[in-house]
Amino acid sequence: MLAISDGSRLTSRRWRPRESSGRLTVLLFFLPPALVLFSLFVVMPVGEAAWYSLFNWNGFGSPTKWVGLDNYRFVLENKAFFTAIRNNLLIIAASLLLQLPLALVLAIMLADRFRGAVSLRMVFFMPYILAEIATGLIFSFVYDGNYGLLAGIYRWFGAGDAPHLLANQATAFPAILVVIIWKYFGFHMMLYIAALQSMDRNIVEAARIDGASRWQELRYVVIPTLYPTIRLSVFFAVVGSLQLFDLIMPLTGGGPADSSHTMVSFLYNFGVTRMRVGFGSAVGVILFLVCVTFALTYKRWFMRND
Amino acid sequence: MIDRSESARFYEGGFGVAAFAKVVFLGMVAVFVLTPLLATALGGFKSLGELRVNPFGLPNQWEWEHYANILGSTRYWRLLLNSTIVATLTVALTLVVASMAAFVFAHVKFFGSAMLLNYLTLGLLFPAATAILPLFIKVRDLGLLDTYFGVILPQVAFSLAMSVLLLRRFFKDLPDELLEAALVDGCSYSNFFRYVTLPLSGPILATVGTITFVHSWNAYLIPLIMLNSDSLYPWPLGVMVYQGEYSTEWHLVLAFITLTILPTILLFLFAQKYIVAGLTAGAVKG
């Protein structure tokens, strides 16, 4: 019996040489580390969030106090949550209406080589690699009403005492939007520059020979070839807005009066710091659904051909 | 090869009003970007009193001791050491784990391969913040709370999706004949991975390594939740604590911020081409 099975294995080995090359070994040893780590720390927590969100739980022991969908109701009844959603939408609006056009204009100006072009690109890109925490702290200095740069500008013009922008509900979030543009426009600019440099310049030249004006050339030749990149950059702007957290903490911490939260800082402030696991998980689940719905629909509708 | 940038420019300047407007515009944006950074670095050289009346200009009196005191403190070096340990281990683990998985997805056909790859791709759809509370409880139950690995393992897990996709695409683009020839000659898959795939994959490993390193070096949320001891804090947490302690003494805070972002800026100046290419290409292809 043994001999036969050994023999058959030998023949099969001869006929399928790949088995002897350790294909199975690779499969059994190379794949599991990634799958285990990913399942344990990425996928399972999402499932657990859905489960925990049905309990009133402080994180100790095991969840026993079943409350059904009450946590979701509490989230949706919380005014600060809607302020947070509004703020996330404001970030997206500022990205689309201010940041992306700025990035596009700068990319068109800096895509060609000339003295200083490369250095300027690097200067504009630099904020992107700085930590959001450091950026937030730098701008809390900029906006500081006593010692900051804004206060300096006010004194310069003899306008009297500077306003404390971050301490005022009406101005705190617009001030944060400026920081977001400062930090991220260079990244989008680089995406456009990369696309422009890989573009076939002959069509630009052809348009010029055909007598297109500068504006027509940009409008009908250059920008249309950038559409895939623009769609990508819109995608990053939205995803970035949905996960924005680090910048908020050093600038306002979500205040004053919870007026400058994003969804993630809301989750942190109301769920994590108070260890309300059920409530925080409910916010997490909502955020998860928003992210996944957006990513999938956007990819299906706008990035099908890219 | 014709230098195409010499023909058909996107933006023809000339010497007219348009060119002048362009220079002014670029200059304004550069001032907008650089002023906060320069004012921060210079602020660390001023006394608090001078900062109040002169936040923009050069210091009247250069006070080196703020910087010197921080550089002489173990606190500063401890933060950088912690960040270095966490970021280095995160990058190393990500590269090992992701490249092994990517190799299987690229070269080994097996039932369920496409499904498992789609499963990993799920990780691109949502940020770590969505499940941060269960993640905290998981790390606590594993006994990893307040350890380096409590930060490293979740960071690796969240960088896997993009890393595997980028690496797999690169591995697949290597010529098939290499693998076929190696297998015929009796080379095993694992030796092929070690002696052929990895040595040929320098550029993509550098790209993935750069992305992972920058994210880990700058990370705030996961360390904030997983760590309790000051002695383990990476620099973004440490600089927040420092700002909390010296909140009214801006000159000290500014010096501290400057010194903590200095490594990033130096790295950027020395490896800028690499970093830009890595971060933008990584984003586009991922």
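**Figure 1. Domain centres in chain A.** In this predicted model, the C-alpha centres of domain 1 of chain A and domain 2 of chain A lie 57 Å apart. The assignment places residues 1-27 of chain A in domain 1 and residues 70-302 in domain 2.

**Figure 2. Domain centres in chain B.** For chain B, the domain assignment gives a domain 1 that covers residues 12-36 and a domain 2 that covers residues 81-285. Taken over C-alpha atoms, the centres of domain 1 of chain B and domain 2 of chain B are separated by 37 Å.

**Figure 3. Packing of helix H4 against helix H14 within chain A.** Helix H4 (residues 70-77) of chain A packs on helix H14 (residues 277-302) of chain A at an angle of about 75°, and the two axes are 9 Å apart. Because angles of 65 to 115 degrees count as roughly perpendicular, H4(A) is described as roughly perpendicular to H14(A). On the side of H4(A), the contact is made by Asn71(A), Tyr72(A), Phe74(A) and Val75(A), while H14(A) contributes Gly278(A), Phe279(A), Ala282(A), Val283(A) and Ile286(A).

**Figure 4. Packing of helix H7 of chain A with helix H12 of chain B.** Helix H7 (residues 132-142) of chain A and helix H12 (residues 235-245) of chain B have axes 9 Å apart and pack at an angle of about 25°. This angle makes H7(A) roughly parallel to H12(B), and H7(A) passes H12(B) in a left-handed crossing. The residues that meet here are Ile133(A), Ala134(A) and Leu137(A) in H7(A), and Pro236(B), Val239(B), Met240(B) and Gln243(B) in H12(B).

**Figure 5. Span and buried residues of helix H10 in chain B.** Helix H10 of chain B, which comprises the 17 residues 202-218, reaches 24 Å from its first C-alpha to its last, close to the 24 Å expected at 1.5 Å a residue. The buried residues of H10(B) are Ile204(B), Thr207(B), Val208(B), Thr210(B) and Ile211(B), together with Thr212(B), Val214(B), Ser216(B), Trp217(B) and Asn218(B).

**Figure 6. Gly72(B) in the loop between helices H3 and H4 of chain B.** Gly72(B) is found in the loop between helix H3 (65-71) and helix H4 (74-107) of chain B. Since a residue counts as exposed if 12 or fewer other C-beta atoms lie within 10 Å of its own, Gly72(B), with 11 C-beta neighbours inside 10 Å, is exposed. From C-alpha to C-alpha, Gly72(B) and Gly27(B) are 38 Å apart in space, and 45 residues apart in sequence.

Note on methods
Residues numbered from 1 in each chain as written. Chains lettered and ligands numbered in written order. Predicted model: local features only at pLDDT ≥ 70, side-chain atom pairs only at ≥ 80, totals over all residues. Helix = DSSP H or I, 4+ residues; strand = E, 2+ residues; numbered from the N terminus. Expected span 1.5 Å × (residues − 1). Buried ≥ 20, exposed ≤ 12 C-beta atoms within 10 Å, placed from the backbone. Domains from an automatic or database assignment. Axes fitted to C-alpha atoms, helices over the stretch in contact; angles between N-to-C directions. Parallel < 35°, antiparallel > 145°, perpendicular 65-115°, else oblique. Left-handed = near helix turned anticlockwise from the far one by under 90°. Contact = placed C-beta atoms within 7 Å.
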